Amino acid sequence: MSMLSLMLRGLGRKWVRTLLTILSIFVAFMLFGFLAAIRVAFASGANVADADRLIVRHAVSIIQMLPETYGDRMRRIDGVKDVSHATWFGGIYQEPKNFFPQHPVIPDDHLNLYPELLLPAEQLQAWKKTRTGAIVGRTTADRFGFKVGDRVPIQATIWPKKDGTQTWTFDIVGIYDGAKSGTDTSPLFFRYDYFDEAHRGTRGQVGWYIVRVDDPKYADAVAEAIDQTFANSPAETKAETEGAFLAGFASQIGNIGAILTAIISAVFFTILLVAANTMAQSVRERTNELAVLKALGFGDGQVLWFVLGEALLIAGLGGFSGLLLSFTLITVVGDPTNGMLPVFYMPKADLGLGLLLVVLLGVGSGFLPALQARSLQIADALRR
Amino acid sequence: MSAVTPEPRPKSLMLHLDGVDKSFKRGGQSIVVLEELSLKVPTGEFLALMGPSGSGKSTLLNLIGGLDRPSHGSVVVDGQSIDSLKSSELTRWRARNIGFVFQFYNLMPVLNALNNVALPLMLTNLSHAERRKRAEIALGIVGLGHRLKQYPRTLSGGEQQRVGIARALITDPKILLCDEPTGDLDRASARDVLDLLQVLNRDLGKTIVMVTHDPQAAECATRILHLDKGRLIRESGSGANP
């Protein structure tokens, strides 16, 4: 019999209590895993945003359109390198719960501005040759089983066609991947020229512009210059870095990071109390046995490690299994909201933090009971 | 040529307590438990300590076993002055030299008889197989070779105490310290345990110091010491005195 097996048998003594404690830790670390993925989902845009990209939208609101002609004027501003634009299409595939974004874009311009979208060259050529062609990200392609050659009908909610019908049918000509783990590969992109010609609304309108600056150091100055260029026009602009734009978008819901940190801190504090209480009870109940161990020749340090080891085992069994299951579910099943959180993964840093928290929880919950066991006076304890 | 009969060699001293005091602080007051106590126990003796509750019997046993330290005086076991040992040294010394038998057995309820007995061997470098073998032998000595896999809750009081004795024997200690080993047993089981202790003393040469309230149990010892209020007040022989 080893020390580990002695610890495991000790845990089995009050197995219901041990199991409940392990379960509570398991749930806490499951929650930790999912909250980490949710935090990433909300912060993903800002995290993967390039420092040299600006987003230019209507000064009043993102839902107000900008003239397509602004693009050429922006290209003439000092410090602007490339310009592209996109528009929110807001269509539905089969039913509303099947949400994924769709944007009409200019293929070359858009892929130039977003090099993290990896599309095979022959698929880009096919897209440029096919007026009704669309490319779709790997996440959405996998979700709905889209493949090159499919025709995908999308019901318009904002942009009906000229003939009054709502259905836009796109030919899938390519499937793109993300260069980074945080790259959003849920959108479907189709050609702006097809969109602009086929929809019933005003021609030559775009949702927002994406601008690449020559030097990220001057991004703010370029943004200001863009806004000044269109000041006092019918469609004034608000230009800002992509990171600021996306962070501002997420913060409309609230400071997600702070909210999640507060939740997880409260959960962990509670779990620490639960686990520490379990260990303290366990040591109190076994005062006599621990004294016997010492009488048999087990040293103070060995008894300390014995108790601390039990606490680490409880934290480890609950914590590691919680982390493992949440990591597996997040990786294999992915976004549980059917597309609302397209970038949904558990970063390695959070996995590492979770593992560290497991150890800290074990040490934190077992430290005082272990010290208590270490300082146990054999003669006193045997008299109890 | 005349035959020369050698003089019997004097027995070596297993235990020597000299001028031992032990007092505790309780509620700001100093309570004297043992006072100026001196005692010599030869190797191989079976000594019974008797006395009323609070007379200091168990405290004396704790001092001999290194579970507690005297306030004054010295405790020498088999030539080793244990009151001068550091805490960690005392722990190691105890593991090698002392076997404890407790009134309430103090077995680990989550371990079977075999693992309970093998517990002290976890502190050695013996292989798993060797530990198991020795535990089986120890349980065989106490007559429980057929109940290796039984957990304490499935054993009678007498059997549990015999497992406790096997655990005390497993490291082959020089001295067995028994604190009321029959105090929780019925008459028949108590008799079995006492018979076993006598066998260990007689056949294996173990020095035994046993605390008991029971005069019949004390009769099994080779010498009986009576304590009262922390002092040795009387010494008597016993039925087992050779």
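This is a predicted model: local features need pLDDT of at least 70, side-chain atom pairs count only at pLDDT 80 or more; totals for chains, interfaces and linings use all residues.
**Entry 1: strand β8 of chain B**

I started with β8(B), residues 207–211, and checked burial. I found that 5 of the 5 residues are buried, so the strand is largely enclosed by the rest of the structure. Next I looked at which way the side chains go. Thr207(B), Val209(B) and Val211(B) point one way, Ile208(B) and Met210(B) point the other way, and all are buried.

Then I looked up the pairing partners. Strand β3(B), residues 46–50, runs parallel to β8(B) and is joined to it by 4 bridges; there I noted Phe46(B) with Ile208(B) as its bridge partner. Strand β7(B), residues 175–179, also pairs with β8(B) in the parallel sense, over 5 bridges, and Leu177(B) has Val209(B) as its bridge partner. I followed the chain from β7(B) through helix α6(B), residues 187–203, to β8(B), and this β-α-β crossover is right-handed.

**Entry 2: strand β1 of chain A**

I moved on to β1(A), residues 53–58. Here 6 of the 6 residues are buried, so this strand too is largely enclosed by the rest of the structure. It runs antiparallel to β11(A), residues 208–213, with 4 bridges joining the two, and Arg53(A) is partnered by Arg212(A). With β12(A), residues 237–241, I counted 5 bridges in the antiparallel sense; Val56(A) stands opposite Ala239(A) there.

**Entry 3: the annotated stretch of chain A**

I checked the record last. An unreviewed UniProt entry annotates residues 63–228 of chain A as "domain: MacB-like periplasmic core". Over those residues I read 28% helix and 30% strand, with the end C-alpha atoms 21 Å apart.

Definitions and conventions. Residues are numbered from 1 along each chain as its sequence is written. Chains are lettered from A and ligands numbered from 1 in the order in which they are written. Side-chain values use heavy atoms; hydrogens and water are left out. Buried means under 20% relative accessible area, exposed over 50%, partly exposed in between (1.4 Å probe, protein chains only). Two strands pair if DSSP finds at least two bridges between them. A crossover is right-handed if, with the strands pointing away from the viewer, the path from the first strand over the helix to the second runs clockwise. UniProt positions are given in the numbering used here, feature names are shortened, and annotations may be inferred rather than shown by experiment.
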